Amino acid sequence: MDNEKLIIVESPAKAKTIEKILGKEFKVLASYGHIRDLPEKELGVDIENNFKPKYVLLPSRKKIIDTIKDLSKKAEKLYLATDPDREGEAIAWHLVEELKLPKEKFTRIEFHEITPRAILEAIKNPREIDLDRVEAQQARRILDRLVGYELSPLLWEKVRKGLSAGRVQSVALRFICEREEEIEKFIPEEYWYIYGEFRDEEKVLYGKLILYKDEEVNVKNEQEVNKIIRILNCLDYRIDKVVIKEEKRTPPPPFITSTLQQEASKRFGFPVGKTMKIAQSLYEGVDIGNERIGLITYMRTDSTRIAPEAREEAVQYIESGFGKEYVGKEHKEKKKLGVQDAHEAIRPTSVFRDPEKIRKYLTDEQFKIYKLIWERFIASQMNHAIFEVVEIYIKGGDYVFLSKGKKLKFAGFMSLYMEKEENGEEKDEVNIDYVPEEGKNVKLTTLIPRQFFTEPPPRYTEATLVRTLEKYGVGRPSTYATIIETLKERKYVEVKDRTLVPTTLGKVVNDFLTKQFPHLIDVKFTARMEEDLDKIESGKVKAIEVLKKFYPAFKEELEKVSKNIGKIQVIEKTDEICPLCGSKLVIRENKNGKYYACSRYPECKYTKPIYEEAQGRCPLCGGVVVKKKAKKTKKTFWGCINYPECSFASPYEPLNEKCPQCGSTMLKGNGFKKCSNKDCNYIVWTGRRKRWKKSK
């Protein structure tokens, strides 16, 4: 490939797209993400030598680095086209260091969408590696290593082996645990609303009681309700005032990483990690007929800014598809505190790639995310929606009812895009098609009292946790998905009905960290640390200043806690009674999972395992079947609780279903259901697997 130009990107999918766009003159290779990192089995940071990091080549990257090294010797020029963010900049720098490239041999290029225009423009305008951006990434990695490598062993010592703590992860856990504590302590309060139905000839108006003697009505119990209703039934009513006003609803801005994650969660129930994976595939490139192209711009961004050419394209589309009156004003985005603004908003690379027209080239999930991004971007450039708001005040004596509604006058952006509520439903709009005259008498026909109770704050969903992290400046768009996945993997939180619930282990770890390391797990402190990283990237401060300010206080706290705090038990209280001594049982955890134990341990040593039960009963004796773990192999299997009297054991879960051929219990496998009777060959495929091999 003499005189060929070599481009290095991060992912194979991205490489494939760019190579197809540029043709034979360019060879495009993928580094498969980071090629070097701090060593796994040692700290890898020389604290005494200004926190100098020790980087090692990842074993899995040796082969690709050897290939790049060989090709770069023959190549005319090497273009480093890794992602346009801190991590991408660091990967480019690591490539130069590992390959020992002379300055004249390589150049750095940056693009925010994988289209012919953007890539060719980047090649025409190369730049040097941004060392401030590299330094910011390096500082973040060192901070995370110092916290993780030194705090995690302390958790092993004081709580349990295998646990981890992280600079940002621990703050996210704190949010979840504090919300759960609010819910547990919450005491509901009773309140009532009184609704009235009024008739004006043949027309009906519904109103809610809002005022008494110009003060807000606050009804707390049924006794008060009955007293007010007796008075209301004796009054005459008239239309006291009618207010008609115009209300504008502004279109939402185009997506940034966090808002895309939130909206995909609300609409489709996608975890944030899944949303990012789908968005990444759309960014890196999809085959559309004979063309392979990136469909959206870079998906890790905190800015709603868009390129002028994108605005022009959107205006053209809106004018031709909806009309000139639907084009909104161009928004000049003001830079907010904490926003890096390194990349523009997430948008389609061309609005003329209508989602419906290219649907056949996309998976169902890709289509959902692409359509969402496309519609949101077009809507963001459209005119506001206009409502006619009608407020009808109905007065009787000193009491006032309010009947309120809206009438859509001009749909604007809402003709294309409606935001979803947290439950996935579109915002409810009440239409009023009848407006009475002021001073007109109306007749009260019905009073409807309704009892309510105040509700605790809702648990965090992945979407609302992301919104909270973003609000307080904790973490960055590129980290949110990883943070949440880590909390789930460590079993600090569970997902129940799409909400994040802290486990007993999560509560214990959070309690330990917040009490012993209040400075480290402080929300404001973590947000300031993110600001410091931004300052490093912009060249305002040096990484060494940030690290020297952080580490001594952290090290002092570590040593103090290690010396003064004893072992902490992970215990969950229950109402179960110990059969040996009559004390309460608690739930403890060890490496094999949860189990019941007497709260008087070590005086009473009663224990009882906690098993996950199968859906169906034992096909041999009808007993309960539970999930067990083999002592030697550590593999899980389903076994009868009546063992050794009953010998049933199987890798497949018994179901509450009978075989249609012989009536035996059905077993559930990975992608199939089969009969438990070895003499019956009945099997039903439930997944994509084409064949089933009978287990030995």
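Me: At what angle do the axes of helix 3 and helix 5 cross?

Reply: Helix 3 (residues 86-99) and helix 5 (residues 131-158) cross at roughly 105°, with their axes coming within 8 Å. An axis here is a line fitted to C-alpha atoms, for helices over the stretch in contact, and angles between N-to-C directions run from 0 to 180 degrees. Angles under 35 degrees count as roughly parallel, over 145 as roughly antiparallel, 65 to 115 as roughly perpendicular, and the rest as oblique. Helix 3 and helix 5 are therefore roughly perpendicular to each other.

Me: And which residues make the contact?

Reply: Contact is taken as heavy atoms within 4.5 Å. Helix 3 brings Arg86, Glu87, Glu89, Ala90 and Trp93, while helix 5 brings Leu131, Arg133, Val134, Ala136, Gln137, Gln138 and Arg140. Sorted by class, that's five nonpolar, two polar and five charged residues. For the classes, Ala, Val, Leu, Ile, Met, Phe, Trp, Tyr, Cys and Pro are nonpolar, Asp, Glu, Lys and Arg are charged, and the others, Gly among them, are polar.

Me: Before we go on, what am I looking at?

Reply: It's a predicted model, where local features need pLDDT of at least 70, side-chain atom pairs count only at pLDDT 80 or more, and totals for chains, interfaces and linings use all residues. Residues are numbered from 1 along each chain as its sequence is written, and side-chain values use heavy atoms, with hydrogens and water left out. Helices (H or I, at least four residues) and strands (E, at least two) are DSSP runs, numbered from the N terminus.

Me: How do helix 8 and helix 11 cross?

Reply: Helix 8 (residues 257-268) and helix 11 (residues 364-380) cross at roughly 120°, their axes coming within 11 Å. That makes helix 8 oblique to helix 11. For handedness, a crossing is left-handed if the near helix is turned anticlockwise from the far one by less than a right angle, and right-handed if clockwise. The crossing of helix 8 and helix 11 is right-handed. Thr259, Leu260, Glu263, Ala264, Arg267 and Phe268 in helix 8 touch Lys368, Ile369, Leu372, Ile373 and Arg376 in helix 11. This contact holds six nonpolar, one polar and four charged residues.

Me: Is the crossing of helix 12 and helix 13 left-handed or right-handed?

Reply: Right-handed, for helix 12 and helix 13. Helix 12 (residues 462-471) and helix 13 (residues 480-489) have axes that come within 11 Å and cross at roughly 125°. Helix 12 and helix 13 are therefore oblique to each other.

Me: On to sheets. What is the order of the open sheet with parallel pairing?

Reply: Two strands pair if DSSP finds at least two bridges between them. The order in this four-stranded open sheet is 2-1-7-8. Strand 2 (26-30) and strand 8 (106-108) are at the edges with a single partner strand each, so one side of each has no neighbour in the sheet. On average, neighbouring strands of this sheet are turned by 25° against each other, direction ignored. Strand 1 (residues 5-9) is joined to strand 2 by five bridges, and leucine 6 stands opposite lysine 27 in strand 2. Helix 3 lies across strand 1, strand 7 (77-80) and strand 8, at about 175° to strand 8.

Me: How many residues lie between strand 15 and strand 16 in their hairpin?

Reply: Two, and glycine 397 in the turn has a positive phi of about 60°. Strand 15 (residues 385-396) pairs with strand 16 in the antiparallel sense over 11 bridges.

Me: Which peptide bond is cis, with omega near 15°?

Reply: The one from tyrosine 601 to proline 602. Proline 602 sits in the loop between strand 22 (593-598) and strand 23 (607-609). The bond from tyrosine 643 to proline 644 is cis too, with omega near 10°, and proline 644 is in the loop between strand 26 and strand 27.

Me: What about the domains?

Reply: Domain bounds come from an automatic or database domain assignment. Among the domains are domain 1 (5-129), domain 4 (257-381) and domain 5 (571-609). The centres of domain 1 and domain 5, taken over C-alpha atoms, are 55 Å apart.
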